[in-house]
Amino acid sequence: MNRDWLPIRTTPWTLGLILLTLVLLVQISALPQRLDFWLYDQAITSAPPRISDDVVLVTIDERSLGHLGRWPWPRNLHAELVSKLHQAGAKTIVFDILFSEPSPDDALLAKAMRRHGNVFLPVYLSPPTSRYLLQEQLPVDPLASAAAGLGHAHVELDSDGVARGLYLYNGMGQKLWPSLSLAVTGAEPDRVSTADAPAYVNVRSGYRAVPLAGGAGSIPAYSYSEVLNQPPSPELFRDKTVFVGATAAGFGDILPTPFSGLSRPMSGVEFHANVFSAHQLGLLIRTAPPWAAALLTALAILTLAAVLPRMRPARTLLACGAAALLLLGLFLFGLFRLGWWLPVANALLVPLLALPVSSGLRLAMTNRFLNRQLDDLARSPQVSLPAPAGRHPTQLLEHFRALLRPEGWLLMEENELLAANGLVPDDIPAGLEPGYWHHDSNRSWIRLLRGGTRYHLGLLLPNDLGREAIQRYLRRLRLEDPAQTSHSSRPRENISARIERVRLATERLNHMQEFIRRSFEHMPDGIIVTDELGVIRFANGHIEEWFQEPMPSLGGLPLVKLLEGHDPRETPPWHETVSDTLTLQQSRTVDLKIRHKDFLIHFAPFALPDGDQQGIIANISDISELREQQRQHREAIDFISHDVRSPLVSQLALIEQLKRDPSHIDQEQLDQLGRLARRSYHLAEEFVQLARAEQLTETRFYECEFLSIVENARDSVSEQGVEKQIQIQLHGSEDLWLKGNAELLERAVINLLTNAIQYSPEASTVSIQVFRAGHQACLTIADEGSGIDPDELPHLFDRYRRQKRTELAGIHGTGLGLSFVKTVVEKHRGEISVASSPGHGSAFTLKLPIANPLQ
């Protein structure tokens, strides 16, 4: 299914339209307003202003209610407070107490107010009861006429219930009262802006946000009863504006503020004192018009929409973060420097939304690209081999029979016999674990589950040296039913599915590249790839090893210089062969000799697909072994034509002589005939043993104990030692485990012991030492014979080579025994050395790697 039907592009138009749509959708919620409130609260509470020095509070607190009695108090107490404050030199007295009901002591209070001359009273806007409309509640006439001014005490609560400011003018219909703090400055009621408003409508103007100096208790306050009962205190109230109001719990108005919320609300009188202080200091904050926030949001959308599509993904986060910091800086600058509250929530949401939106658009484009690439990758070739675990047991048996050539087999489905040869159902061992081979001598069994059906498969392997190697191979095979293995569930989420597809495709490409790389590295031949100018661009490990050139120096080296430096020749010159391959586009095959080794190099031209680039692939094959085999073949023919044919001719001559005169057959003739036959047999046996040693591979290796091998070899030659009265002494008691072929190792030790006995004088000693040296098992065989001449030591292990000293002494051999020993030791990755001097005997030392050197 094609999911790329929507042509998504990261352009300024697409990004801008998406951001504008999202910002408009966000307006449905209260998120922008709440964000603006939160930013304002954090800014105001983090840097609160100071309180004006001429503002104090006289509070009606719990202590005053306890001393003066329950509210309402007689107004003569208020008159006495005014007198006390007048005597203390208070400049202005502001009551946040409603005197709307007449009282007998109104005249006394009015007299005290006139005497002071600067007392202000509040106007409340509230319905008398729940059945009435909102209306103004003024002080009684005697008090209103005696007051220096009236001001409204209404504080505006924002939509979240927090008091952050108030309207400087508020009233009903035709008359707007200034706030208490504004009335103290001498402001008069406003009658101009509300000329057309009905009398029952609450009209407000001049909203200002108030930067509070702190939470409740930030302004100096004195208890009403203390001020009333103590002498006047000019040091506390002189030339100050005194706000009088209730702060007792449950008495008077309480206001949640940015500092406290509902946990510690502020009394109304303290809020008005904060308003007055901020007004005196010129700190009241205006709110910006709505069009300013809209313009700022539009500028943010246009800027980010134009910039982000041209940026790299790594810089998108930085750009959005910078835009958000710039908006916050503009907000703080306007708030603290200009006294303007600019709502930036909508504009601040733009970079917060732009980052995921632009990333999503880029991801969508990437997803479309990946879809196309994944479709191409799905059609690319892949290297995979079908697992044996998915094959039916009958097919497995067929493949095992073709590969391993077992001597017998058995296959059963539940209790039904499907195939059998040499094995019967009663041979199946009990307790087989599904999917795991059970080996019993040369019988191998496995239990398989396919689709809920149980199968038993058995193989009767040849009981030879390769049996253990085959059984190890069978253990490595995983034949359990794939339905029994757990598979991880495929991701259903779209992006995760794409990532999984990319991962699988990448793994497939990596496997293909790794397969090609390993194929080049593990090829038996050396590979060199050149460009159009014959310069080496790739070489595998064989080239580095054979030419003894480090891999970094091979890259960029002309192929002609490499060949001329190791095998200079004049006919045909290397540059001619390489240039003909490139110019004529024809393959060439040439002999090559490197460090006394023979090679065959094949030059083949190639051209890269989807391009005009050409080059050469040079395949270098090591034919040294082939040439050595040819040489050995010639030597074998020469040897057979002389050494093997000679005893046979002598035997035939004796036989013809006996046939001519069968009545005169004496014992000496028969003994001679037996010696010739034994010599022919020994020659054939040594040929066979040498051939087996040359064909030995590690697949025929198994764990064997070296000391036991040496003991068996000693027992095999003990009779020869007894005939010459030679004492064979074995020194060594440590078990040394090897990974090798015990039969051929024992034969090699027998050859060394036979030579030691053969070349030792009678009544002498042959010493055998078995010991461990580091990670190697060592064997030293020393005799007391005539020794070996120094000029013959370098060729001692060459086949068909016999010592002149022994030939002259009448000791005849084939020259294959020591060659066989060296071949066996080299097949086991070991070493053999000899120390000898004429007249002082010889000592042969074998060193073989131990199977597990850590034990």
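In which handedness of crossing does α1 pass α11? In this predicted model, the crossing of α1 past α11 is right-handed. The residues that make this contact come from both helices: α1 supplies Pro 12, Leu 15, Gly 16, Leu 19, Leu 20 and Val 23, while α11 supplies Thr 297, Ile 301, Leu 304, Ala 305 and Ala 306. Helix α1 covers residues 12-26 and helix α11 covers residues 290-307; their axes lie 8 Å apart and the packing angle is about 150°. Angles over 145 degrees count as roughly antiparallel, and α1 and α11 are therefore roughly antiparallel to each other.

The protein chain contains 26 helices and 32 strands. Of its 855 residues, 42% are buried. Among contacts in the protein chain with a separation of 6 or more, 69% join residues 24 or more positions apart. The chain exposes about 46400 Å², and 55% of that area is supplied by carbon and sulfur atoms.

Thr 257 belongs to strand β12, which spans residues 254-257. The relative accessibility of Thr 257 is 1%, so this residue counts as buried, the cut-off being under 20%. Apart from neighbours within four places in sequence, the contacts of Thr 257 are with Val 162, Ala 163, Leu 212 and Met 266.

Conventions:
Residues are numbered from 1 along each chain as its sequence is written. This is a predicted model: local features need pLDDT of at least 70, side-chain atom pairs count only at pLDDT 80 or more; totals for chains, interfaces and linings use all residues. Side-chain values use heavy atoms; hydrogens and water are left out. Axes are lines fitted to C-alpha atoms, for helices over the stretch in contact, and angles run from 0 to 180 degrees between N-to-C directions. Helices (H or I, at least four residues) and strands (E, at least two) are DSSP runs, numbered from the N terminus. Angles under 35 degrees count as roughly parallel, over 145 as roughly antiparallel, 65 to 115 as roughly perpendicular and the rest as oblique. A crossing is left-handed if the near helix is turned anticlockwise from the far one by less than a right angle, and right-handed if clockwise. Contact means heavy atoms within 4.5 Å. Buried means under 20% relative accessible area, exposed over 50%, partly exposed in between (1.4 Å probe, protein chains only). Accessible areas come from the Shrake-Rupley method with a 1.4 Å probe; for residues, only the protein chains shown count as cover.
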